[in-house]
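Reader: Hi! I have this one open on my screen and would like to talk it through with you. Could we start with how the chains meet?

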Protein chains: 2
Amino acid sequence: MTSRKQMQLALQMVSGYGAEFSAWRMPGTDPAAYADTDAYVRRAQIAEQGKFHMIFIADTPALTVDLGPQTPMFPMDPMLALLAVARETSRIGLVATLSTTFNYPYSIARQFKALDVISRGRVGWNAVTTSEPLAAANFGARVAGREERYARAQESIEIVQALWGSWGENAWKLDAEGGVFADMDQVRPVNLQGEYYASRGPLPIPPSEQGQPVIFQAGGGREGLELAGRYASGVYANPYDIESAREHRQAIRQSAVRFGRDPDEIKMYAGFMFSLGATEEEALERRRQLMRFNPAEIPGRVSYLGSMVGLPLSVSTVDIHAPLPDELLAQAYASPRDPRSPRALQLLKQGLSVLDVLAHGVINYHPVVAGTAEQVADFLQEWFEAGACDGFSVVPDIAHDGVADFVEQVVPILQERGLFHRDYEGATLRENMGVPYQYGAMQP
Amino acid sequence: MTSRKQMQLALQMVSGYGAEFSAWRMPGTDPAAYADTDAYVRRAQIAEQGKFHMIFIADTPALTVDLGPQTPMFPMDPMLALLAVARETSRIGLVATLSTTFNYPYSIARQFKALDVISRGRVGWNAVTTSEPLAAANFGARVAGREERYARAQESIEIVQALWGSWGENAWKLDAEGGVFADMDQVRPVNLQGEYYASRGPLPIPPSEQGQPVIFQAGGGREGLELAGRYASGVYANPYDIESAREHRQAIRQSAVRFGRDPDEIKMYAGFMFSLGATEEEALERRRQLMRFNPAEIPGRVSYLGSMVGLPLSVSTVDIHAPLPDELLAQAYASPRDPRSPRALQLLKQGLSVLDVLAHGVINYHPVVAGTAEQVADFLQEWFEAGACDGFSVVPDIAHDGVADFVEQVVPILQERGLFHRDYEGATLRENMGVPYQYGAMQP
């Protein structure tokens, strides 16, 4: 194995409330947290106390949910949220998603590099292509095919990185006595012309302490792997189990090698959700409470669970507060099309009620551990030591206490076990991630 | 006259150094201020102590100057600078330029409204069309004709305002117990389709304390006047004398009336530069010092001054350290093509040396007063009482001490004379400007 010995942690910020549908209704949560930048700052400060490597703000420029029962999934604006955090923290990395399809490369380059300078080298850009039709419609467009979207992404990243390098590393002279502000021989246009994007440059922003922002990537498929292998130092991935995580990580590393890079210079972060309690029962009760807020969702979830284990489950035919009858369980099998199915079946066979199996998060978007801090640490250790990832993108169930609980309870265990650093390795995101300094375009 | 009795003041921030070419070389100035967001914040805080109505950050997304001798004219990023200021001030307005040509309306709407919410209703957008070819080239474009640029601007502002109104004023329910986050009947798509721009919406951002950001405008000509009359509550203008300022202000007010608006709801801010000293001689010496940093500029400026007063002046034919000989002055006349010429000729006839006439700023982009605080206050009073403007966009010569000097020396005189408020009228930019609340598209 060539991975570092210690895992890395990203805290994924979800619009102020946490990952769960009803988090905003939990006691202690401010229902208006969406518009409260202080809340972002406070949580990032707590994460920094816990030595999290970075916060990560996912983004799609569209309203993608029904705000009747549910809160927005994305912040009012990711760059403004990061700037607020940048000015009130000193070590934690700051990563946000910005679409390569619905932003001009010059605008991306400018805001991210300015933020990188302001934060003294702590910024990362998660470059995604955006396939959400509602987002496209906000920009008067339709979603292009996968090939075009990734061709745009490649042009966008190349122009952005070239613009980042267009103010030479040593161009800033600041010689007030001699009257030389900058050496203009080192501040040069890039004059790039692609099929979809073009930019002249230069971008008049000096280097940050880490040179320029770190590129992250989150897309899947052949094109996503290629983009990651070419440009990314970090990849946010969403595997449901160790086996598929390992495969994905190996594919990413191989893609980096194909582009002439050291595979250790690309880190994969697996999405992970947790609910903490002093006991597993307490953690589960926290999740049951979240479910009780939305009884209308239960019938659909029960049917969905049924489809994962090959049973026609329905709230009208089974008692969801009890374990499934043995005769039903005897016919159950894990759907080969859903990697979450084996865990769902396992919990049903352990005799948990249907509702409690759902409360364990078996149909969530990421793997979920509802349990004690030890159980959460065990899960992270197992995945990490199996080579499933280089770290985790941790999504709290409920942000208002979930972040602090993780920092106070889980982080010390990971540190005790030698799995997580006790302090930041350096001052910049690149130093803390263990990826090389870069300035300007990636060298072939 | 229908103007308010007191003038309004905007502080124009110029990339951290001040308006003058060589400000960055003055003792006490940090040559690296360009990358120092703290410097922006500190100056805005001082301006807020002086009850300035707003700070204003002009912007063109391009490097437009030679960074050899000179500093950038625009900040690393205007929106990030404003966000930093927003979080560390509480009353002062926050206005930035963003191009209607090189930004998607959805992106403009999102960042400005988020900033407006974060600042609790203190934000303004200076909507400009951008005619700088270097900026166009950064976005892979050429500068379009005036007609197209203004057609784009109109579509952009209409879509932006519609998006701002797409989250209904009373949509936010925040009923955690009842489980109603928002009333989706009040969060509606806008579905706007123009010739150049389109957007579906909605934009999921609630109203700020002032509803939505204030629109500013800075363009000239028939199209600029029309845009101002239709949409703007504030106009930044660059008149050189009282007469042309009054004409421009009347034209703006008439344009507002043509679009069915109350002309008192549109405020004109005249650009104005100053250099302060305990005596006029001290103020002039400050400006002489700035000129001495760039001896290479002198010959060109002398020739330019000559063209303003009909004389073939050159450093090789006249002693620039002495007044012009009477026989030369007898032939001089103020160029009718340059409104700055009468003042240049007046100073030459007063017997000032050629260099001192230049030091008075007669060929600067804005009117300049180099003198005592009383002289600066006199100038502002004369213009204001002549109906030349509703206020001023004040540009300090050297930011590092110029802002504080103005606040400490000029503001108290204006307050003493009853020309400037002693405290903010309200909490929002609209309240402090005296312009009405607005939400969503302008009602016809």
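Author: Happy to! One term first: a salt bridge here is a side-chain nitrogen of Lys or Arg within 4 Å of a carboxyl oxygen of Asp or Glu. Also keep in mind that this is a predicted model.

Reader: Good to know. Which side chain does B:Asp59 meet in a salt bridge?

Author: That of A:Arg110, with 2.7 Å from N to O.

Reader: And how many salt bridges are there across the interface of chain A and chain B?

Author: The rule finds six between chain A and chain B. Polar contacts between the two chains come to 31 residue pairs, both residues at pLDDT 80 or more.

Reader: Which element of chain A gives the most to the side that touches chain B?

Author: Helix 3 of chain A, with eight residues. By type, the residues on that side of chain A divide into 45 nonpolar, 14 polar and eleven charged.

Reader: Nice. How many residues are in contact, and what area is buried between the chains?

Author: On chain A, 70 residues are in contact with 70 residues of chain B. The area buried between chain A and chain B is about 5,700 Å², and carbon and sulfur atoms give 64% of that.

Reader: Changing topic: are the residues of strand 11 of chain A buried or exposed?

Author: Buried: ten of the ten residues in strand 11 of chain A, which spans residues 267-276.

Reader: Which ones point which way?

Author: A:Lys267, A:Tyr269, A:Gly271, A:Met273 and A:Ser275 point one way from the strand, while A:Met268, A:Ala270, A:Phe272, A:Phe274 and A:Leu276 point the other way. In a regular strand, side chains alternate between the two faces of the sheet.

Reader: How does strand 10 of chain A run relative to strand 11, parallel or antiparallel?

Author: Parallel, and four bridges join strand 10 of chain A (residues 234-237) to strand 11. As one example, A:Val235 has A:Met268 as its bridge partner in strand 11.

Reader: Last one, over in chain B. Where is B:Asp390?

Author: In the loop between helix 13 (373-385) and strand 13 (391-396) of chain B.

Reader: Why does B:Asp390 count as buried?

Author: Because its relative accessible area is 7%, and buried means under 20%.

Reader: What do its side-chain atoms meet there?

Author: Among its partners is B:Arg249, joined side chain to side chain by a polar contact of 2.9 Å. Another is B:Met268, whose backbone nitrogen lies 2.8 Å from a polar atom of the B:Asp390 side chain.

How values were computed: Residues are numbered from 1 along each chain as its sequence is written. Chains are lettered from A and ligands numbered from 1 in the order in which they are written. Side-chain values use heavy atoms; hydrogens and water are left out. Contact means heavy atoms within 4.5 Å. Buried area is the accessible area (1.4 Å probe) that two parts lose on being put together, summed over both. A polar contact is a pair of N or O atoms within 3.5 Å; within protein, one must be able to donate a hydrogen and the other to accept it, and residues adjacent in sequence count only if both atoms are side-chain atoms. Helices (H or I, at least four residues) and strands (E, at least two) are DSSP runs, numbered from the N terminus. Ala, Val, Leu, Ile, Met, Phe, Trp, Tyr, Cys and Pro count as nonpolar, Asp, Glu, Lys and Arg as charged, and the others, Gly among them, as polar. Buried means under 20% relative accessible area, exposed over 50%, partly exposed in between (1.4 Å probe, protein chains only). Two strands pair if DSSP finds at least two bridges between them.
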